[in-house]
Amino acid sequence: MACLLEAPLRISVLSEVTATSRHYVDRLFDPDPQKVLQGVIDMKNAVIGNNKQKANLIVLGAVPRLLYLLQQSSSNLQLRTECAVVLGSLAMGTENNIKSLVDCQIIPTLLQGLLCTDLIFIEACLRCLRTVFISPVTPVQLLYTDPTVIPHLMSLLSNSQRTQEYITQIFSHCCKTPEHQTVLFNHGAIQNISPLLISPSYKVRMQTLKCFSVLVYENTQVSMTLVNVLVDGELLPQVFVKMMQRDQPIEMQLTAAKCLTYMCRAGAIRTDDSCIVLKTLPCLVRMCSKEHLLEERVEGAETLAYLMEPDVELQRIASTTDHLVSMLADYFKYPSSVSAITDIKRLDHDLKHAHELRQAAFKLYASLGSNDEDIRKKITETENMMDRIVSGLSESSIKVRLAAVRCLHSLSRSVQQLRTSFHDHAVWKPLMKLLQNAPDEVLVMASSTLCNLLLEFSPSKEPILESGVIELLCSLTQRDSPALRLNGIWALMNMAFQADQKVKVEIVRCLGTEQLFRLLSDPDTNVLMKTLGLLRNLLSTRPHIDQIMSSHGKQIMQAVTLILEAEHTIEVKEQTLCILANIADGNSAKELIMTNDDMLQKIKYYMGHSNVKLQLAASFCITNLIWNEEDGSQERQDKLREMGFVDILHKLTQSSDPNLSDRWVRTAN
C-alpha cells in the first residue's frame with residue numbers, strides 16, 4: 001500500500017514546486033512595471049544556489065521574457081539590470097541551463113545591451129556573458145559573428161575594473177584558434193590589455209595574464225610583438241618574470257611561466273635566454289613538487305614538457321634541477337593510501353586527479369628523454385618506471401595511454417634501452433595490443449614506437465615478427481593519414497633490413513604490388529622515401545634480388561623509370577638510383593638494365609649530373625654491371641663502351657670530388 005500512496009505524494013510535491021515557480025514567471029507579465037521589478041528581484045533571490053529552481057524557471061519560459069524586458073530601452077534601467085543579473089544566475093546552473101540560454105539567443109541580446117551607456121547595466125551584461133562563455137558547451141564562435149563586437153569590447157576596457165576583468169576573461173576563454181588570435185590582435189588586444197598587467201586589482205591582472213597566454217600560444221606574430229612591448233617602462237617579458245617570483249600567488253606564477261614558455265616555443269625568446277633558463281624552467285620544476293596542489297603539479301609538468309620538448313640543453317638542465325626525475329615518480333602514487341573512511345574528500349580529490357597526474361608525468365618523462373642517453377637511463381632506473389609505462393599502455397583513459405606510449409617512444413630511441421629494459425619487460429606485447437583498434441592519435445605514436453622496436457639490433461624484432469605484425473603494418477599503409485602510412489611503410493622497411501628471404505616474400509605478398517606502386521606515387525615525400533627504402537632493403541643479397549626481380553621486375557623497372565623522369569628531390573632520385581644499383585648487383589636481374597637502353601641512358605645522364613650524390617649513386621650501377629669477376633662482364637663492358645660510358649668515366653677521374661675521382665680511378669684500372 002505504501003507504493004500506492006507514494007506516487008500521489010510525489011506528484012503533489014512536484015505540482016507545488018511548479019506552482020511556486022509559475023508564480024515567479026507570471027509576475028514578469030504584470031502590467032505594473034514596479035511589480036515586474038519586484039518580481040525579478042524576488043526571482044533573483046529564489047534562484048541563488050538553487051539549481052532545481054533555476055531549471056524549473058527555464059522550463060516554464062522565464063528566459064524569453066527576461067530577455068525581452070532586458071532589450072526594452074523604454075524599460076526602467078534597474079529592471080533591465082536586474083534581468084541581466086537573474087540571467088547570469090541562471091547561467092551558473094547546469095550545462096543544460098547554459099544550452100537553453102544560448103538557444104534563446106542570450107548572447108546576441110546581451111551583446112546588444114552593451115551599447116547602452118549605463119555602466120552598471122553594462123557590467124551586469126558583461127558578467128552574464130562571462131558566465132555563459134566560460135562554459136564548455138557555449139560555441140565561442142558566437143563572439144566573432146558580428147565584426148563590430150570585438151572593437152566595442154576593446155572600447156569598454158577603460159570603463160572600470162569590472163569591465164576589464166570580465167572582458168579579458170571572455171577573451172581568454174573565447175580565443176581557441178589562430179583565427180581568433182588574429183582577430184583579437186588586429187583589433188589592438190596587445191595595446192589595450194598590456195596596461196592592465198599593472199592594475200591595482202589582482203583579478204584584472206590575473207585575467208589579463210591568462211589572456212596573454214592564449215594569445216601567444218603557437219603564434220609567432222603575437223609573440224614577436226610582445227617581446228618589444230613596454231609596460232610602465234619595462235619590457236613585457238620582464239613583467240612576466242616578476243610575476244613568477246615566489247611571493248606571487250601560485251596561479252600567477254604558473255600563468256606567467258606559460259606566457260614565457262609559449263613565447264619561447266614560438267621563437268620570440270631564445271632557449272638560452274636567462275629568463276627561460278634561470279627563471280621559467282626553475283619555476284615550472286618548482287611547481288612539480290609535493291608542496292603544491294595536484295592540479296598545479298599537473299599544469300607545471302605539462303608546461304615544462306612543452307617548454308623543453310625541442311631543446312636538448314633545457315632537457316639536461318631540467319633533469320638535474322631539484323631531482324626532477326625522481327620527483328615525478330611521486331605522480332604515480334595517487335590515489336593515496338589514506339583510508340577512505342577517515343578522509344573521503346581527500347580520496348575523491350586524489351581519484352579525480354590521478355589520471356591527469358600520470359598523464360602529465362608520462363609527458364614530462366617523454367620530453368626529458370627525447371634526446372639524451374644518460375637521461376633515458378636515469379628515467380628507466382627510476383622506481384618501477386618500466387612497469388608503470390607498461391600499465392599505462394592499458395589504462396582506461398585514452399589520454400594516459402597516449403602519454404604512456406609517447407614516453408615509450410621517447411625511450412625507444414635508445415639502443416641500450418631497446419636491448420635491456422624493453423627486452424626485459426617484453427614491452428612489445430602491450431604495444432601490439434595497443435595497436436589493435438586504437439584511435440588514430442594513439443596509433444600514430446604506437447606505430448612510430450614499433451618502427452624502433454623493429455630495428456636490426458632490437459631483441460624485440462624476432463618475437464614481433466612471429467606475432468603476425470606484417471599484415472597490421474600493411475594495413476597501415478592504406479590509411480588516409482600520411483603519418484600512419486609513413487609509420488607502416490617505415491616499420492616494413494626496418495623489418496626488411498637484412499631479413500630472411502621468407503620475411504621479404506611475406507612482405508611483398510601481404511603488401512601486394514599494386515599497393516607498393518601506389519606508395520611509390522604517394523604525394524607525401526616522406527612516404528615515398530621510406531617506400532624506396534623498403535624496396536632497397538627487399539632488393540639486397542643476390543638470391544633475393546634475382547627472385548623478386550624475376551616475379552616483379554617489369555613493374556619495378558617501370559616505377560624506377562617514372563621516378564627518375566619526374567620532378568623529385570635529389571634525395572628521392574638518389575635513393576632510386578641506389579635501388580637500380582642493387583638490381584645491377586643481381587646475377588640475372590642485371591639483364592633487366594642491360595637490355596633496357598632507355599634506362600642505361602638515364603644512368604649515363606645522372607653520371608654527368610651536377611649533383612655529386614646523384615653522380616655517385618649512378619656510378620654504383622655501372623660498377624655492379626661491369627664487375628670483372630662475374631659472367632658476361634666483358635659483353636656488358638663492350639656495350640657500355642659503345643654507348644659512351646668510357647668518356648664519362650674519364651671525366652669522373654678528373655673530378656674535384658675525391659669520392660668520385662678515387663672510385664673511378666680504381667674502376668678504370
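This note looks at one leucine and at some charged pairs in a predicted model.

1. Residues are numbered from 1 along each chain as its sequence is written. Because the model is predicted, local features need pLDDT of at least 70 and side-chain atom pairs count only at pLDDT 80 or more, while totals for chains, interfaces and linings use all residues, and side-chain values use heavy atoms, with hydrogens and water left out.

2. L67 sits in helix α4 (residues 62-71), where a helix is a DSSP run of H or I with at least four residues, numbered from the N terminus. L67 counts as buried because its relative accessibility is 3% (buried means under 20% relative accessible area, exposed over 50%, partly exposed in between, with a 1.4 Å probe and protein chains only). Apart from neighbours within four places in sequence, L67 is in contact (heavy atoms within 4.5 Å) with L87, C104, Q105, I106 and T109.

3. The whole structure holds 30 salt bridges, each being a side-chain nitrogen of Lys or Arg within 4 Å of a carboxyl oxygen of Asp or Glu. One of them joins E373 to R376, with the closest N and O atoms 3.3 Å apart; both residues lie in helix α22 (residues 373-380), 3 residues apart, about one turn of the helix. E373 is partly exposed at 29% relative accessibility, whereas R376 is buried at 5%.

4. D585 and R542 also form a salt bridge, at 3.1 Å from N to O. This pair links distant parts of the chain, 43 residues apart, with D585 in the loop between α36 (570-584) and α37 (591-594) and R542 in helix α35 (residues 542-565).

Note on methods. Helix = DSSP H or I, 4+ residues; strand = E, 2+ residues; numbered from the N terminus.
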